[in-house]
Amino acid sequence: MPFPHINPIALQLGPVAIHWYGLMYLAGFALAWLLGRWRIQHHPGELNLRDLEDIIFYGVLGVVLGGRLGYVVFYKFDDYLAHPLSIFYVWQGGMSFHGGLLGVIVAMLIFARKRGQPLLAIGDFIAPLIPLGLAAGRLGNFINGELWGRPTDLPWGMVFPGSGDGIARHPSQLYEMGLEGFALFALVWWFARKPRPMGQISAVFLMGYGTFRFLVEFTREPDAFLGLLMGGLSMGQILSVPMVLIGLWLFLRAAKESSR
């Protein structure tokens, strides 16, 4: 199946090019804002619409700064250490979900301290808002023809121009959009529909994302500059394992404390 060759530039205004990938980030934050409004209206708590606006602002900073620094540290530390100024060349690409997650956690910790609320309470509020944004990001990856999958003979295998080898590959970006995006959203949103012990909604998000990412990585081509690492696992899988373990620990801890 040929790649659809979608122009990565959505709109050209003279020298200014607006890329689909950037629009997907905007769509992700817009969806988070809309879902957050719905949760505030239907699940009244200590957060209000002004708090939601602050959360989105802090979240944007956490995603962008954490995502970039995470890519630098987890994927190309030696290269960026040799050329530190290239860290700021964000237009050349290079973002890490796991780094973005850490950035969001730090941002939410700052917000929680300012509001005098527990970090996990804030995490439980924003966890259901994140997956659709992840789905939008993976769609952006697909439009860019990047992060393609491993070779396959399945009927929906695609030949990605960027691979340069003419081999049909898994459209792993779409797998991730479906699992890390839509399936994870359905799971976390369903779980959050009722009151839960503090920390459990965050835990379900961590376990769900970590599991889905770990599985999809078996179909995704590992980064050429890293390859497969210990145990034949990719960097994405290695970074996902702690997410699952931390999520499981949080879930059991919350259940134990609620039963006291």
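1. In what follows, residues are said to be in contact when their heavy atoms lie within 4.5 Å. The structure is a predicted model, and the points below should be read with that in mind.

2. With that cut-off, helix α1 meets helix α2 through Tyr25, Phe29, Ala32, Trp33, Gly36, Arg37 and Ile40 on the α1 side, and through Leu49, Leu52, Glu53, Ile56, Gly59, Val60 and Val63 on the α2 side. Sorted by class, this contact comprises 10 nonpolar, 2 polar and 2 charged residues.

3. As to how these two helices are placed, α1 spans residues 20–42 and α2 spans residues 49–74, and they pack at an angle of about 150° with their axes 10 Å apart. Since angles over 145 degrees count as roughly antiparallel, α1 and α2 are therefore described as roughly antiparallel to each other. The crossing of α1 past α2 is right-handed.

4. Turning to the strands, β1 (residues 9–13) pairs with β2 (residues 16–19) in the antiparallel sense, over 4 bridges. Within this pairing, Gln12 has Ala17 of β2 as its bridge partner, while Leu13 stands opposite Val16, also in β2. The two strands form a hairpin with 2 residues between them, and Gly14, which sits in the turn, has a positive phi of about 65°.

5. How many aromatic pairs does a search of the whole structure find? The search finds 15, and one that deserves a look is the pair of Phe191 and Phe251, whose ring centres are 6.1 Å apart and whose planes stand at 45°, so that the pair is classed as tilted. Phe191 belongs to helix α7 (residues 172–191) and Phe251 to helix α9 (residues 235–258), so this pair ties together parts that are 60 residues apart in sequence.

Terms used:
Residues numbered from 1 in each chain as written. Predicted model: local features only at pLDDT ≥ 70, side-chain atom pairs only at ≥ 80, totals over all residues. Heavy atoms only, no water. Pairing = 2+ DSSP bridges. Axes fitted to C-alpha atoms, helices over the stretch in contact; angles between N-to-C directions. Parallel < 35°, antiparallel > 145°, perpendicular 65-115°, else oblique. Left-handed = near helix turned anticlockwise from the far one by under 90°. Nonpolar A, V, L, I, M, F, W, Y, C, P; charged D, E, K, R; others polar. Phe/Tyr/Trp six-rings, centres within 6.5 Å; stacked < 30°, edge-to-face > 60°.
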